[in-house]
Amino acid sequence: MLPRVKIDFRNGALGSITPSADCVAGLIATATAVSTTFVLGHAYILYKLDDLASLGVTAENNACLYNAVQQFYDEAGDGAELWIMGAPNTVKPSEILDKDNATFTYAKNLIQLANGRIRMMTVAYAPASGYEPTITDGLDSDVWTAALKAQALAEWATNSLFAPLFVVIAGRSYSNDNITNLKDLTTLEYNRVGILIGDVTSGSDGAAVGLLLGKIAACPVQRHIGRVKDGALKILNAYIDDKDPSVANVETIFNKGYITFRTFTGKSGYFFADDCLATEVIDDFRSIARRRTIDKAYRIVYATMLEHINDELPITESGTPVAAMVKSWEADVQTNVVNQMTSQGELGNDPNDPNDLGVKVFIDHTQNIVSTNRLEMTVQVKPFGYSKYIDVELGFITISTED
């Protein structure tokens, strides 16, 4: 070979994203084992759709898993961290998500194997041929059991592993003809569970949970997934049961607290109507954006204060901590939140007020820590507001005829 200079074009860089732990997702899908390269119940990490090839997973041998992963990366882009696990089609989503089920420990295991990195999770389920759902409150009855189990799973991850997350569930077996019987999610208290109605294929019994997870992963924590400025979803078609969202009863589905698709007059493509979780309207954490915001703050505060466990605190004669020391701890938390959130544009602080850092930290230095060995503190972060409703008064300018 003659002496030469060889230059290879590196493709895909423009479509990639900067990996962020804020966007780490978990997906458990109905699947079939592939020799020794892909074993059901084992955890695998992906960073792009092509990573499935090394596992031997294809659209032909594992359609449910492959399609969900493809939807995820179509929205999230290469580089997003996705933990996957396969489960047989005999195991329902409610069993997959049940942290107390000794036989099926898929979701709990995946969270633990990821060492708490997973911030959001979903189940892509394709039941065995001949499966006949029992319809309750407008959906497959297993959806309601799965929602209950998902909330308990997410609370366990938060309280036991200090690794908060939320779960997206497919609103399986939804029918436009049965919309009046659809349960009102605003009567529930599952502020770590969202239910999606809608898919990319007409008449589907499932929902495009991979697409939703990918959209969330593509957004910073404070970003609403329905933000129009970000552009339409990267799909050619969307359906609510067998109807295009432009003619489906989106408003009723939205009013009942579900995540679903919508269109805008004069705008091409499909968008998510909202990012609501299955809880009361007055719940501070009903929005996925606010759920993600507070969960990130939680992780920062936990990591910061963990360093102070069993630390020495100078004490006054009355048994209370020295004010200067607790002030330094307040500063530690505030600095870390500012550096990791406020400076990244993830908190709703007033940019015109240099004193508004988007976070307030308070430790009462008058508490008697000698008697209790307990230090209590308060941390508040400032969320963004969202322009969901824009009212415009439009009229003509009147022209004066006076000289």
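Student: What share of the contacts in the protein chain with a separation of 6 or more comes from residues 24 or more positions apart?

Tutor: Such residues supply 72% of those contacts, where a contact means heavy atoms within 4.5 Å. The model is predicted: local features need pLDDT of at least 70, side-chain atom pairs count only at pLDDT 80 or more, and totals for chains, interfaces and linings use all residues. Residues are numbered from 1 along each chain as its sequence is written, and side-chain values use heavy atoms, with hydrogens and water left out.

Student: How confident is the predictor in the protein chain, and where does pLDDT stay under 50?

Tutor: On pLDDT, the predictor's confidence in each residue from 0 to 100, the protein chain averages 92. A score of at least 70 is reached by 94% of the residues. Over residues 3–19, however, pLDDT stays under 50.

Student: Why is Ala 289 called buried?

Tutor: Buried means under 20% relative accessible area (exposed is over 50%, partly exposed in between; 1.4 Å probe, protein chains only). Ala 289 has 1% relative accessibility, so Ala 289 counts as buried. Ala 289 touches Val 221, Gln 222, Arg 223, His 224, Asp 275 and Tyr 386, leaving aside residues up to four places away in sequence.

Student: In which helix does Ala 289 lie?

Tutor: Ala 289 lies in helix 8. Helices (H or I, at least four residues) and strands (E, at least two) are DSSP runs, numbered from the N terminus. The protein chain has 10 helices and 14 strands.

Student: How does the reach of helix 9 compare with the expected value?

Tutor: The expected span is 1.5 Å times one less than the number of residues. Helix 9, residues 323–340, has 18 residues and reaches 26 Å from its first C-alpha to its last, close to the 26 Å expected.

Student: Which residues of helix 9 are buried, and what puts them on the same side?

Tutor: The buried ones are Val 326, Trp 329, Glu 330, Val 333, Val 337 and Val 338. They cover an arc of only 165° around the axis, which puts them on the same side of helix 9; the arc is that of the directions from the helix axis to the C-beta atoms. An α-helix has 3.6 residues a turn, so residues three or four places apart point the same way.

Student: Against which elements do the buried residues of helix 9 pack?

Tutor: They pack against helix 8 (288–306), strand 13 (359–363) and strand 14 (377–381).
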